[in-house]
Amino acid sequence: MLDETEDQPKPAYRRVLLKISGEALMGDQGYGLHPPTVERIAREVKSVHDLGAEICMVIGGGNIFRGLSGSAQGMERTTADYMGMLATVMNALAMQSALEGLGVFTRVISAIRMDEVCEPYIRRRAVRHLEKKRVCIFAAGTGNPYFTTDTAATLRANEMACEAIFKGTKVDGIYDKDPVTNPDAVRFDTISFDDVLTKRLKVMDASAIALARDNNLPIIVFSLDEPGGFRGILAGEGTYTRVQG
């Protein structure tokens, strides 16, 4: 799957969006940020960046605050969702710090204006950052309550003309049942968007899956805990599930 040049191979995808949960940043802790885990993920991103791929990211905020759970405990839903958006900005800044510590130029771009902290979302400016090989981390979701970071990731991936969404999880793809509790679970190599929706497989929320399907944007589900897994897929290898039309 690699196109060889005289200098180095080209990645299988030119521009991708990596979606990870906020929980992925907390390591073995029950909450918050675990700096060594943030740095490990940053190194995975750098390894793909070094291949020449253009990368944007969306990180959830569930390690700090989840709007839906706040609402379930009696908080007004809109306020809870805005708090969740602010949590994603904190995670984005932590990832930016880790990436720039590795020498990767990074921009945090927020859907909610906070100019002293990060850039506002302007599509053409974000595209230009990607063309200059900067990693763009999109924070604060879509800027609207009632939308998840899964939907925000799919929206931004379409706006940035990404060739695929990479969804980093704790398992190496999509299974017909939970592989942690079911040793006989079977992993799908490929699966359709409609099957994900009808089987209610917990890949991304239904709005995000429908938006990806309507725009023919494939979703690659892989293990973020597998060292070199992200880079391996870009190099045409690795274990994953591809969700497609």
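Which residue stands opposite Leu17 in β2? The residue in β2 opposite Leu17 is Cys56.

First, the conventions. What we have is a predicted model, in which local features need pLDDT of at least 70 and side-chain atom pairs count only at pLDDT 80 or more, while totals for chains, interfaces and linings use all residues. Residues are numbered from 1 along each chain as its sequence is written, and side-chain values use heavy atoms, with hydrogens and water left out. Helices (H or I, at least four residues) and strands (E, at least two) are DSSP runs, numbered from the N terminus.

To the sheet, then. Nine strands make up an open sheet of mixed pairing, in the order β4-β3-β5-β2-β1-β6-β10-β11-β9. The edges are held by β4 (119–120) and β9 (190–192); each has a single partner strand, so one side of each lacks a neighbour in the sheet. Two strands are said to pair if DSSP finds at least two bridges between them. By that rule β1 and β2 run parallel, joined by six bridges. On the other pairing of β1, four bridges link it to β6 in the parallel sense, and there Lys19 has Lys167 of β6 as its bridge partner. β6 also pairs with β10, again in the parallel sense, over five bridges; Ile165 stands opposite Ile219 in β10.

How enclosed is β6, and why? Five of its six residues are buried, so β6 is largely enclosed by the rest of the structure. Buried here means under 20% relative accessible area, exposed means over 50%, and partly exposed lies in between, with a 1.4 Å probe and protein chains only.

Next, helix α1. This helix covers residues 35–49, 15 residues in all, and reaches 20 Å from its first C-alpha to its last, close to the 21 Å expected at 1.5 Å a residue. The expected span is 1.5 Å times one less than the number of residues. Its buried residues are Thr37, Val38, Ile41, Ala42, Glu44, Val45, Ser47, Val48 and His49. The cover over them includes β1 (15–20), β2 (54–59), α3 (77–101), β5 (135–139) and α8 (229–234).

Several of these elements meet again in the largest nonpolar core. A nonpolar core is a set of buried Ala, Val, Leu, Ile, Met, Phe, Trp, Tyr and Cys residues joined through side-chain atoms within 4.5 Å. The largest has 39 residues, and those with the most contacts inside it are Met57, Met95, Leu99, Ile137 and Phe166. Two or more residues each come from β1, α1, β2, α3, β5, β6 (164–169), β10 (219–223) and α8. Of these, α3 gives the most, with six residues. Leaving aside neighbours within four places in sequence, Met95 is in contact (heavy atoms within 4.5 Å) with Leu25, Val38, Ile41, Ala42, Met57, Ile59 and Ile137. Apart from this core lies another, of 29 residues, among them Ala153, Met160, Leu201 and Met204.

Two loop residues deserve a word. Asn63 lies in the loop between β2 and α2 (67–72), and counts as buried because its relative accessibility is 3%. Beyond residues up to four places away in sequence, Asn63 touches Gly22, Glu23, Leu25, Met26, Tyr31, Gly32, Leu33 and Asn91. Val104 lies in the loop between α3 and β3 (106–110), and its 2% relative accessibility likewise makes it buried. With neighbours within four places in sequence set aside, Val104 contacts Lys46, His49, Leu99 and Val135.

By contrast, consider Leu155 in helix α5 (residues 149–159). At 30% relative accessibility, Leu155 counts as partly exposed. Not counting residues up to four places away in sequence, Leu155 touches Thr142 and Leu211.

Finally, the aromatic rings. Rings of Phe, Tyr and Trp (its six-membered ring) pair if their centres lie within 6.5 Å; planes under 30 degrees apart count as stacked, over 60 as edge-to-face and the rest as tilted. By this rule there are five aromatic pairs. Phe222 and Phe230 have ring centres 5.6 Å apart and planes at 20°, so the pair is stacked. Phe222 and Phe230 are both buried, and together with Tyr13 and Phe166 they form one aromatic cluster.
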